[in-house]
Amino acid sequence: VHGRTDQSMAAWSILVACLLAAAAVASAASMKLKILDNTASTGAVCLDGTPGGYYYAPGTGAGKNNWILFFQGGGWCYSEYDCWGRSKTPLGSSKSWGPTMDIDGLMSDNCATNPTFCNWNRVNLNYCDGNSFSGNRATSVIVNNDPLYFRGHQIVTATIAELVAQQGLGQASQVMLSGCSAGGLSTYLHADYVGELLAKAAPALGRYGAVPVSGFFLDHNTVESQPIYESQIKRIFALSNATDGLNANCIASTPVENQWQCNFAQYSYAHTQSRIFVLDSALDSWQTACILTSEPVVDPKSTANGNCSAAPGWGACAQNVENCNANEMDAMISYERDFLSYVQAAPTYSKPGNGAFVYSCHTHCAGVSSLYNSVLIDGVSMEKAISTWWLSAPSTPAPSNTHLPCIYNGGDTHPRRCN
């Protein structure tokens, strides 16, 4: 299938799934937790000041010098009080992280479903800074008598350094950077920075590229013509002092008053120099709930993390497009077309060596789920598309590794799915 699936879980349940992304029973090859060393000197701490960390499983056989570095997802916080609330959870503190983690799809160690990458070193960079590993604020912010730290950039730097020093990343021959949701956005924002670190630390590195999963969030008005998500990202950009934690080329090319735009893949993608493969839904279920049909959080001291699917009368449609009437479906189709337009407008999209698998299924983070093998475009699965792209020459024309979706059915046509 490459239309929509029947998954219609609530948007925040989707984020929890991306956060956990773990099998119910840990396997022998589960990634194991490692808390970062020396965070007092590196500053690589979570919102609450506890040390950052990562989950790691070593590669085996032919994959022992190949790596997938995966940014964990889990949304963002949008205000001081929202971030304070987040600091009491695993998305803002390392206090309650479990000992192991498993992730499906692209990060799976099952060679039957993930044959190209199953035996690689796997690293999950734990997400706890509230702004896609982009925070770079030297001083803390005091909220309810608690200090908050925005140090995502330092977590990235310290994690790469520790993986080089302790886990063998310095001997890497191939490295893929990836991540889902807010971690997918992290992949867009930090692909070039991580590539620069690896170029210095791994002299035998022959192949590097990025596969952001469900990370191309649009700077898009709601159905009520309100720039709610834009205002949310503007606030966390300023609060976390993200200017020096984002793509340097994007920042350098953007007027100071608009540098918040570089916190969006929609603007940062055009400046990406690393090989990159877009893996996303053109009608992502988190985006329809939390961008297109959201409402503002009115109380400035609320710890509520957004107000998704709250536009009056839009809840059922936002969660499952089969529930949309003709007028609502027009808005959904317009969003799908806008998504494709923004991706395709960037010169990065057509740059040799790059690629894309943009599907129409109304899901989120499908690339790290069982849908990795079952979502097809013209008979090609995500797994096959990513593997083919990864193994192709850097000079390969982008259209050779680009797969695009069908457009949903509008008007009175049912089902809405387009295949």
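In strand 8 of the predicted model, glutamine 174 is the bridge partner of asparagine 66. This pairing belongs to a set of 6 bridges that join strand 3 (residues 66–71) to strand 8 (residues 174–180), the two strands running parallel. Strand 3 is also joined to strand 5 (residues 121–125), by 5 bridges and again in a parallel arrangement.

Strand 3 is mostly covered, with 6 of its 6 residues buried. In a regular strand, side chains alternate between the two faces of the sheet. In strand 3, Asn66, Ile68 and Phe70 point one way, whereas Trp67, Leu69 and Phe71 point the other way, and all of these residues are buried.

Valine 213 lies in strand 9 (residues 207–213). Its relative accessible area is 0%, and valine 213 is therefore buried. When neighbours within four places in sequence are left aside, the contacts of valine 213 are Ser178, Gly179, Cys180, Ser181, Gly184, Leu279, Cys365 and Gly367. Between the C-alpha atoms of valine 213 and cysteine 406 the separation is 19 Å, the two residues being 193 residues apart along the chain.

Valine 368 is placed in the loop between strand 11 (355–359) and helix 12 (371–374). Its relative accessibility of 11% falls under the 20% cut-off, so valine 368 counts as buried. With residues up to four places away in sequence not counted, valine 368 touches Phe70, Ile103, Asp104, Gly105, Leu106 and Cys180. Phe70 is one of the buried residues of strand 3, and Cys180 is among the contacts of valine 213. The C-alpha atom of valine 368 is separated by 17 Å from that of alanine 282, which is 86 residues apart from valine 368 along the chain.

The disulfides were considered next. A disulfide is a covalent bond between the sulfur atoms of two cysteines. With sulfur atoms required to lie within 2.5 Å of each other, the count comes to 8 disulfides. One of them is formed by cysteine 46 and cysteine 128, whose sulfur atoms are 2.2 Å apart. The torsion about the S-S bond of this pair is about -75°, and the disulfide is therefore left-handed. The pair links distant parts of the chain, 82 residues apart: cysteine 46 is in the loop between helix 2 (39–42) and strand 2 (53–57), and cysteine 128 is in the loop between strand 5 and strand 6 (141–143). Both cysteine 46 and cysteine 128 are buried.

A disulfide is also formed by cysteine 77 and cysteine 83, with the sulfur atoms 2.1 Å apart. Here the torsion about the S-S bond is about 90°, so the disulfide is right-handed. Cysteine 77 is buried, its relative accessible area being 0%. Cysteine 83 likewise counts as buried, at 0% relative accessibility.

In the disulfide of cysteine 111 and cysteine 118, the sulfur atoms are 1.9 Å apart. The link of cysteine 111 and cysteine 118 is right-handed, with 90° about the S-S bond. Cysteine 111 has a relative accessibility of 46% and therefore counts as partly exposed. Cysteine 118, at 8% relative accessibility, counts as buried. By contrast, cysteine 361 is in no disulfide; the nearest cysteine sulfur, that of cysteine 406, is 8.1 Å away. Cysteine 361 is buried, with a relative accessible area of 0%.

Helix packing was examined for helix 9 (residues 285–292) and helix 11 (residues 326–345), whose axes come within 12 Å and cross at roughly 110°. Angles of 65 to 115 degrees count as roughly perpendicular, and helix 9 and helix 11 are therefore roughly perpendicular to each other. At their contact, Gln287, Thr288, Ile291 and Leu292 of helix 9 meet Ala331, Met332, Tyr335 and Phe339 of helix 11. The residues of this contact divide into 6 nonpolar, 2 polar and no charged.

Notes. Residues are numbered from 1 along each chain as its sequence is written. This is a predicted model: local features need pLDDT of at least 70, side-chain atom pairs count only at pLDDT 80 or more; totals for chains, interfaces and linings use all residues. Side-chain values use heavy atoms; hydrogens and water are left out. Axes are lines fitted to C-alpha atoms, for helices over the stretch in contact, and angles run from 0 to 180 degrees between N-to-C directions. Helices (H or I, at least four residues) and strands (E, at least two) are DSSP runs, numbered from the N terminus. Angles under 35 degrees count as roughly parallel, over 145 as roughly antiparallel, 65 to 115 as roughly perpendicular and the rest as oblique. Contact means heavy atoms within 4.5 Å. Ala, Val, Leu, Ile, Met, Phe, Trp, Tyr, Cys and Pro count as nonpolar, Asp, Glu, Lys and Arg as charged, and the others, Gly among them, as polar. Buried means under 20% relative accessible area, exposed over 50%, partly exposed in between (1.4 Å probe, protein chains only). Two strands pair if DSSP finds at least two bridges between them.
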